[in-house]
Each structure stands twice: as structure tokens, then as C-alpha cells.
Amino acid sequence: AAMAASAQSFRRIRTAPTLLAGAILLLQAPLSALATSACPAVITAGSKEFILKCKLPLRYEPSIEIELQDLADLQTPPSTFFYDVTWGRLCADRECRQCRAHNGKSVGCWRAPKYVAVEQLDVGYAKDVVFAIVLGTLLLDYLLGLTSRLLNYHALGTPMPSEFRDVYDAEAYTKSAEYTRAKTAFALASDTCQLLTLLLFWLGWNGFEWLDELAISFFNGEEASDSSLQLWRGLFYWGVLASFEMMLGLPWAVYRNFVLEERFGFNRTSPATFLQDRLKEIVLLILLGAPIGGGVIVFFLYAGEWAWFYCWLFLSVVQLVLHLAMPVLILPLFYTFTPIPDGVLKSRVQEYAQKVNFNFVGIFEVDGSRRSSHSNAFFVGIGATKRIALFDTLIEQATTEELVAILAHEVGHEKLR
């Protein structure tokens with residue numbers, strides 16, 4: 001939904017692998033949290049540690065103290081136990097004859113699927129490795145972005161080459177460099193703040209565990225492993241995280257549009273249009289995000305060890321469907337697409353596309369001037385919905401030959417990526 005608010009974003013998401021990578025980045029925080037509140041789980045029994053091996057996400061604390069009084073009489077405790085997900089007890093066999101009482105209550109002999117196998121493992125090292133990988137990935141991603149932006153920022157101080165002085169206005173070059181520096185500084189501040197907020201929420205406030213407990217308290221039942229409860233808990237969990245992300249990003253979006261862009265004379269977005277875009281994003285998040293997120297949760301509930309693979313296939317298909325739907329269903333919610341009438345521009349574009357064997361189904365003018373004075377051109381859609389989109393600001397500013405040259409640049413991205 002956020003991508004639909006800016007046509008420039010669509011220039012960078014034309015391939016399914018890139019889309020999938022984007023989905024993974026968007027979900028990396030909730031998935032990281034899910035890893036701390038779903039299988040495999042580490043539990044402790046006295047001085048021993050065990051790891052849960054289960055097919056369903058379970059409700060448990062990150063470290064559950066298990067009483068082993070019922071196993072005290074066993075001279076050689078078995079290497080495999082069974083964990084009672086209803087009462088939180090560790091048992092020596094599936095019949096759970098050692099777990100007949102809990103807090104003075106008669107429990108009886110519960111059977112699978114209320115029990116899952118638990119194997120004694122040395123999990124301390126594995127936990128440290130997983131933590132290091134997740135944290136290291138977040139920091140590496142931030143450092144790579146930081147390094148590239150700092151390099152670009154430093155390069156902006158280079159004077160305009162003498163070869164371009166006759167073809168590019170020096171004042172425009174200086175203003176462009178200032179604008180890019182301001183955008184770079186803004187991006188650095190935004191990325192740093194977002195990373196610090198994530199780390200504070202995760203490591204400082206233990207926010208993912210708190211949110212997990214909140215979801216459990218809202219959707220509670222006698223059967224902790226009930227699939228419908230797990231589904232609603234997961235949707236609630238992701239919904240709250242998405243809401244937090246949108247609220248945290250709102251001040252940055254306001255500053256970018258009404259301060260940064262306004263300062264350089266690019267902003268044409270009215271407060272009413274800005275608010276409408278945000279509301280449309282929320283609606284799209286609910287209509288699209290809920291079923292997609294629910295599908296991912298269902299795979300993890302029922303698909304066992306291959307859940308990750310089925311989720312990958314599912315998300316790949318979803319991205320292809322969204323690619324098809326983007327130009328005809330989603331983007332028109334934000335922009336008006338008007339077919340370019342027959343004339344010199346349309347003929348020249350068609351001639352060029354035929355010459356380089358570039359297939360499309362239509363050329364459209366986009367009312368980008370309602371939001372910004374920036375000019376842009378992009379391709380959107382695949383197959384039967386693939387379109388060439390030209391901002392109205394670009395059509396006003398460029399000649400026909402310049403427009404064809406710009407499209408040639410975009411086709412180069414398409415064919416030589």
C-alpha cells in the first residue's frame with residue numbers, strides 16, 4: 001500500500017525476486033518476533049534445557065520452569081519427553097502417567113495433539129547463533145545503507161564537470177545537489193531512528209514478547225493449540241506491528257512532504273490528499289495484508305517442516321497477482337491514468353518500442369502534478385496489464401524526442417537488469 005503512494009517506487013519492483021525480497025524485509029521484524037514465540041521453544045527442567053519440536057505454534061514463556069517431581073523415581077530419565085501444552089507439564093511418555101495432577105487438580109491422561117515431543121539438546125550455543133544472525137543482519141543492512149549514502153553525500157561536493165557546462169545549467173546543478181544532500185540527510189536520520197526504535201522495542205522493552213502476551217490475552221481459550229486462536233493471534237500480532245510502523249512513519253512522511261519537498265518547491269500535495277492517501281493505505285493493508293498474512297500463518301500451522309517452502313511459493317504467486325492487479329486496481333486509487341491520444345508522441349513511442357522489441361498494452365498520462373512537480377516515467381504491470389506511464393509534468397517539460405530518450409533509459413533497466 002505504501003508503494004502505491006509513490007510512482008517512483010514502482011520503478012524498482014518489476015521482478016518477482018525483488019518483490020519477494022521486499023516482502024521479507026517488510027516482515028523481518030514480525031518474523032523475528034515470531035521466532036521467539038513459536039517452535040522451536042527452549043524450556044528448562046531443573047538444571048537441564050530442552051527444545052520443543054512441534055508442528056504447531058504453542059503458547060509458552062521463552063523459558064518455562066518444569067517440575068520434574070514425577071520423573072524423580074526414574075533411575076535413567078528418557079532422552080525424549082512429552083510436553084503437555086494444556087497444563088505446561090513435562091512427561092516421560094505420551095500417556096503422561098506422571099502428569100496426572102497440576103496445582104492439585106486431576107488432569108488425566110491427555111493424548112496428542114495436546115502433547116509434543118521434546119528432545120534434550122544443548123541449545124545454548126544455537127540460541128546465541130540465531131540471535132547473532134538476526135541482530136547482525138539488521139546492523140549489516142543499516143551499515144551498508146549508511147556507507148552508500150555517505151559516499152553519495154561526499155560525492156555531491158564535486159563541481160560540475162566542464163564538459164556539461166554548455167548543456168546543463170550551473171544553478172540547476174547546484175540546486176539539485178543541495179536537494180540530494182537534504183534527502184540523504186533525511187534518509188540517514190529516518191533509518192537511524194527506525195533502527196534504534198526497533199532495537200529499543202526488541203531488546204530494551206522486550207516488546208515482541210509483550211505483544212505476544214497481549215495477543216494471547218485477547219484471544220484466549222481452553223485449548224492453547226486451537227488453530228483458529230493461533231490464526232487470530234497472529235493476525236492481531238501483525239496488525240498491531242503494522243499499526244505501530246505506520247504511526248512511527250507518519251511524522252517522517254509529513255516532514256518529507258510538507259517541509260523537505262516544500263522547501264525546494266516540489267510539493268503539491270494538499271493536507272486533504274495526504275490524509276486520503278494514508279486512509280487508502282490502511283484500507284489496502286486490511287484488505288490485502290490480512291488474507292496474505294493469514295495464509296502465511298495457516299501454512300505454519302498445518303504444513304509442518306516444509307511450511308517455509310509453501311510460504312515462499314504462496315508469496316511468489318501473490319506478488320505475480322499483485323503485479324497484474326497493480327495498474328488496473330491499485331494504482332488508480334491514487335492516480336488517474338489517461339490514455340495518450342493518437343498523435344506524434346504515441347506514434348514515436350510505438351515505433352521505438354517495436355524497434356527494440358518492447359511489448360506493452362498502452363501508453364498513459366498520470367496526474368502526478370497533484371502531488372509533486374517532479375517528473376517521472378515508469379513501466380507497471382506484466383503481460384496483459386503492462387503499461388507505460390508518463391507523468392503530466394514530464395510531458396509538459398520535455399519534447400517528444402526527449403520523452404523517447406527517457407523511455408529508452410527505462411527500457412534499458414528492463415532489458416539489461
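**View 1. Helix α6 from end to end.** In this predicted model, helix α6 takes in residues 227-263, which makes 37 residues. From its first C-alpha to its last it reaches 52 Å, close to the 54 Å you'd expect at 1.5 Å a residue. Follow the helix along and you'll come to a kink of about 35°, centred on Arg256. After α6 comes Gly265, and its phi is positive, near 80°.

**View 2. Helix α4 packed against α6.** Here α6 has a partner: helix α4, residues 170-204. The two pack at an angle of about 165°, and their axes are 12 Å apart. An angle over 145 degrees counts as roughly antiparallel, so that's what α4 is to α6. Their crossing is right-handed. On the α4 side, look for Tyr179, Ala182, Lys183, Phe186, Ala189, Ser190, Cys193, Thr197 and Phe201. They meet Leu241, Phe244, Leu248, Trp252, Tyr255, Arg256, Leu260, Glu261 and Arg263 of α6. Sort the residues of this contact by class and you get twelve nonpolar, two polar and four charged. Arg256, one of the α6 residues in the contact, is also where the kink is centred.

**View 3. Helices α7 and α8 side by side.** Now for another pair: α7 covers residues 271-302 and α8 covers residues 307-330. Their axes lie 9 Å apart, and they pack at an angle of about 165°. These two are therefore roughly antiparallel to each other. The crossing of α7 and α8 is right-handed.

**View 4. Who touches whom between α7 and α8.** From α7, the contact uses Leu284, Leu288, Pro291, Ile292, Gly295, Val296, Phe299 and Phe300. From α8 come Ala307, Tyr310, Cys311, Phe314, Leu315, Val318, Leu322 and Ile330. What kinds of residue make up the contact of α7 with α8? It has 15 nonpolar residues, one polar and no charged ones.

Key
Residues numbered from 1 in each chain as written. Predicted model: local features only at pLDDT ≥ 70, side-chain atom pairs only at ≥ 80, totals over all residues. Heavy atoms only, no water. Helix = DSSP H or I, 4+ residues; strand = E, 2+ residues; numbered from the N terminus. Expected span 1.5 Å × (residues − 1). Bend = angle between axes of the 7 residues up to and from the residue. Axes fitted to C-alpha atoms, helices over the stretch in contact; angles between N-to-C directions. Parallel < 35°, antiparallel > 145°, perpendicular 65-115°, else oblique. Left-handed = near helix turned anticlockwise from the far one by under 90°. Contact = heavy atoms within 4.5 Å. Nonpolar A, V, L, I, M, F, W, Y, C, P; charged D, E, K, R; others polar.
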